[in-house]
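Here is a briefing on one chain and its ligand. It covers the fold, the domains and the ligand shell.

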Amino acid sequence: MKTLKGEIVANRKYSDNLYKLEVFSPYICKNAKPAQFINIKCSRQGSDDPLLRRPFSIYEIDEQFNVFSVLFLVRGRGTQFMADLRKGESLDFVGPLGQPIKIPENDSRFVLIGGGIGVVPLCLIAKNLKSIGKTVHFFAGFKDEAFYTWERDLIKILKDYKIFSENGVFGEKGIPLNYIRENFSEFKDHHFIVCGPLEMLKQAQSFLKDRKVRAIAIMEEKMACGIGACMGCVIKIKNKNNGYSYKKVCSDGPAFDLMEVCFD
Ligand SMILES: Cc1cc2nc3c(=O)[nH]c(=O)nc-3n(C[C@H](O)[C@H](O)[C@H](O)COP(=O)(O)OP(=O)(O)OC[C@H]3O[C@@H](n4cnc5c(N)ncnc54)[C@H](O)[C@@H]3O)c2cc1C
Ligand code: FES
């Protein structure tokens, strides 16, 4: 992990508040692994306001051109700063952070389920799984059509995907978990990887636990340091004695066994 500066190659607007920021960084392209993230300084040079860096999953890595990207939604001050960055400017960031996801070697078939911006880390994971010969089914669920342009990125990685939106304006009407429920016999021997809102992860845990399916959750928590020093991002993880311990999403995660995550 290093503090780095990288030239912004492009900052593309995908929809009203969804952007893809592409950054030149041989170090990240060489060292970052699926599920890792970077912590971005969201203020101009010489200013520390806002003080805290903002965490973002690594979305794509183009090793040929040494360019990686993050896909982000504008939410507050930090992400508005990022949306205003222009080609040629420099991005100040720390990374790669977090542990790479451990791909279960003996499993050959995977179901990836992403809710909203939770699709971001799953894209690099899907690309990696495909590159090592695994079968991947990708399910994505959104509120509306804000991710419409994103489908063009996904289709470059794999063809076997289904998109759902709550109101039916993008993809099929509904949510991915309902589709999985209705067609579970097709997926019962797959390894699941899920990332999205807590409610979605909770429902996935409750459905898959009863069916003894193995699953990994990519967790998100509000972060301050991003390097395991402040304890700001701890979550409860069940242990073998029916108790639990605290784990840090930034340095122990962000990938955890879904069945071990305590959501209460
Ligand atoms: C490991 C990880 C990966 C992430 N990857 C992505 C991604 O790929 N794309 C994307 O759009 N967003 C991602 N997020 C969420 C993103 O970090 C927040 O949307 C962003 O920090 C909001 O900053 P802000 O200043 O615009 O919003 P504000 O709400 O003004 O932020 C205030 C503070 O809360 C923190 N914060 C607010 N929301 C979140 C959140 N959901 N998660 C963590 N901290 C938060 C900010 O870091 C900041 O310290 C990720 C979060 C984590 C923890
Ligand atoms: S953000 Fe500080 S320990 Fe995780």
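Two strands pair if DSSP finds at least two bridges between them. Helices (H or I, at least four residues) and strands (E, at least two) are DSSP runs, numbered from the N terminus. The model is predicted: local features need pLDDT of at least 70, side-chain atom pairs count only at pLDDT 80 or more, and totals for chains, interfaces and linings use all residues. Residues are numbered from 1 along each chain as its sequence is written, while chains are lettered from A and ligands numbered from 1 in the order in which they are written.

**Overall build**

- The chain holds 7 helices and 16 strands.
- Its C-alpha trace spans about 55 × 45 × 35 Å along the principal axes.
- The radius of gyration is taken over C-alpha atoms, and the globule rule is 2.2 Å times the number of residues to the power 0.38.
- For 264 residues a compact globule would have a radius of gyration near 18 Å, so the chain's 18 Å agrees.
- Two residues are in contact if their C-beta atoms, placed from the backbone, lie within 7 Å.
- Of the contacts with a separation of 6 or more, 63% join residues 24 or more positions apart.

**The open sheet**

- An open sheet of 7 strands runs in the order β11-β10-β9-β8-β12-β13-β16, with mixed pairing.
- At its edges are β11 (172-173) and β16 (255-257), each pairing on one side only.
- β13 (residues 215-218) pairs with β16 in the antiparallel sense, over 3 bridges.
- Ile-218 has Ala-255 in β16 as its bridge partner.

**Strand β6 and its partners**

- β6 has 6 of its 7 residues buried, so the rest of the structure largely encloses this strand.
- β2 (residues 18-24) pairs with β6 in the antiparallel sense over 7 bridges.
- Tyr-19 is bridged to Phe-72 of β6.
- β5 (residues 60-62) also pairs with β6 in the antiparallel sense, over 3 bridges.
- Opposite Glu-60 stands Ser-69 in β6.
- The hairpin of β5 and β6 has 4 residues between the strands, and Asn-66 takes a positive phi near 55 degrees there.

**Domains**

- The bounds come from an automatic or database domain assignment.
- That assignment gives domain 1 (2-97), domain 2 (109-214) and domain 3 (219-264).
- The C-alpha centres of domain 1 and domain 3 lie 24 Å apart.
- Between these two, 8 residues of domain 1 are in contact with 7 residues of domain 3.
- On the domain 1 side, β3 (37-40) and β7 (90-97) are the elements that give two or more residues.
- That side divides into 6 nonpolar, 1 polar and 1 charged.
- Ala, Val, Leu, Ile, Met, Phe, Trp, Tyr, Cys and Pro count as nonpolar, Asp, Glu, Lys and Arg as charged, and the others, Gly among them, as polar.

**Ligand 1**

- A residue is near a molecule if its C-beta atom, placed from the backbone, lies within 6 Å of it.
- Ligand 1 is surrounded by 22 residues, and the closest are Arg-54, Phe-72, Gly-76, Gly-78 and Thr-79.
- β4 (54-57), β6 (67-73) and α2 (77-83) are the elements that give two or more residues to this shell.
- The shell divides into 12 nonpolar, 4 polar and 6 charged residues.
- Domain 1 (2-97) and domain 3 (219-264) each give at least three residues to the shell around ligand 1.

Note on methods:
A residue is buried if 20 or more other C-beta atoms lie within 10 Å of its own, exposed if 12 or fewer, and partly exposed in between; C-beta atoms are placed from the backbone.
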